[in-house]
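Work through the exercises below with the sequence and the model side by side. Try each task before you read its solution.

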Amino acid sequence: MADSLSVDFRVRYAETDAMGYLHHAKYWEYFEDARTELLKKNGFRYRNLEAEGVFFVVYKAACLYLKPIRYDDLVTVTVTVERVTRTRVDHGYIVTRDGETMCEATSTLACVGRDGRPQLMPDSLWLCAAPEHRASRSAGRLAKSGPDG
């Protein structure tokens, strides 16, 4: 399993605020794009997971905007799987421009069903996670608990 991936983005004018900086909310779109590309690299399409009734919702997110990014900048977003339980995935993100760190972020995604309640992720996805990222917790307890497992 690939546990990280880097994706390049060119900042579009429509993504900037009145000061010409990449709007803070747009970073999260870049993070989502990088995450779904990492999922594809590992043989999964989010569309197919949704069709099977498996959804990943953002449970927690944090971001440090270290330096501004401007219109037409070429940035690289690197997403890394930090930890996986049967009901959640923790990701880390680093955004760089010309090798300089511009932003650092983390997110926790919870696996839920169509009803929005936590559920175990499919075995195929769980087994894809590298053993060093898998949390060692009881699957029975996770099915009953919240997204932090």
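## A partly exposed arginine

Arg-83 is partly exposed, with a relative accessible area of 23%. Buried means under 20% relative accessible area, exposed over 50%, and partly exposed in between (1.4 Å probe, protein chains only). The model is predicted: local features need pLDDT of at least 70, side-chain atom pairs count only at pLDDT 80 or more, and totals for chains, interfaces and linings use all residues. Residues are numbered from 1 along each chain as its sequence is written, and side-chain values use heavy atoms, with hydrogens and water left out.

**Exercise 1.** Find the salt bridge between Arg-83 and Asp-90, and say which residues the network joins.

Step 1. Recall the rule: a side-chain nitrogen of Lys or Arg lies within 4 Å of a carboxyl oxygen of Asp or Glu.
Step 2. Take the distance. The closest N and O atoms of Asp-90 and Arg-83 are 4.0 Å apart.
Step 3. Follow the shared partners. Salt bridges join Arg-83, Arg-88 and Asp-90 into one network.
Step 4. Check the cover of Asp-90. Its relative accessible area is 11%, so Asp-90 is buried.

**Exercise 2.** Describe the salt bridge of Arg-97 and Asp-73.

Step 1. Their closest N and O atoms are 2.8 Å apart.
Step 2. Arg-97 lies in strand β4 (residues 88-97), and Asp-73 lies in the loop between β2 (55-65) and β3 (74-84), so the pair ties together parts 24 residues apart in sequence. Helices (H or I, at least four residues) and strands (E, at least two) are DSSP runs, numbered from the N terminus.
Step 3. Check the cover. Arg-97 is buried at 18%. Asp-73 is buried too, at 17%.

**Exercise 3.** Locate the salt bridge of Lys-40 and Glu-37.

Step 1. The closest N and O atoms of this pair are 3.1 Å apart.
Step 2. Both residues lie in helix α1 (residues 24-41), three residues apart, or about one turn of the helix.
Step 3. Lys-40 is partly exposed at 42%. Glu-37 is partly exposed at 33%.

**Exercise 4.** What lines the largest pocket?

Step 1. Know the method. On a 1 Å grid over the protein atoms alone, a pocket is an open set of points with protein on both sides within 12 Å along at least five of seven lines; lining residues have an atom within 4 Å of a point.
Step 2. Read the volume: about 380 Å³. Grid points are joined across faces, edges and corners, and a volume is the space filled by probe spheres set on the points.
Step 3. Name the lining. There are 20 residues, and Arg-35, Leu-39, Val-89, His-91 and Leu-109 lie nearest the centre.
Step 4. Find the elements. α1, β2, β3, β4 and α3 (123-128) each give two or more residues. α1 gives the most, with five.
Step 5. Sort the lining: 15 nonpolar, three polar and two charged. Ala, Val, Leu, Ile, Met, Phe, Trp, Tyr, Cys and Pro count as nonpolar, Asp, Glu, Lys and Arg as charged, and the others, Gly among them, as polar.

**Exercise 5.** Is His-91 buried or exposed?

Step 1. His-91 sits in strand β4.
Step 2. Its relative accessibility is 7%, so His-91 counts as buried.
Step 3. Beyond its neighbours within four places in sequence, its contacts (heavy atoms within 4.5 Å) include Arg-35, Val-79 and Leu-109.

Methods
1 Å grid on protein atoms, 1.4 Å probe; cavity = no way out; pocket = protein on both sides within 12 Å on 5 of 7 lines; lining within 4 Å.
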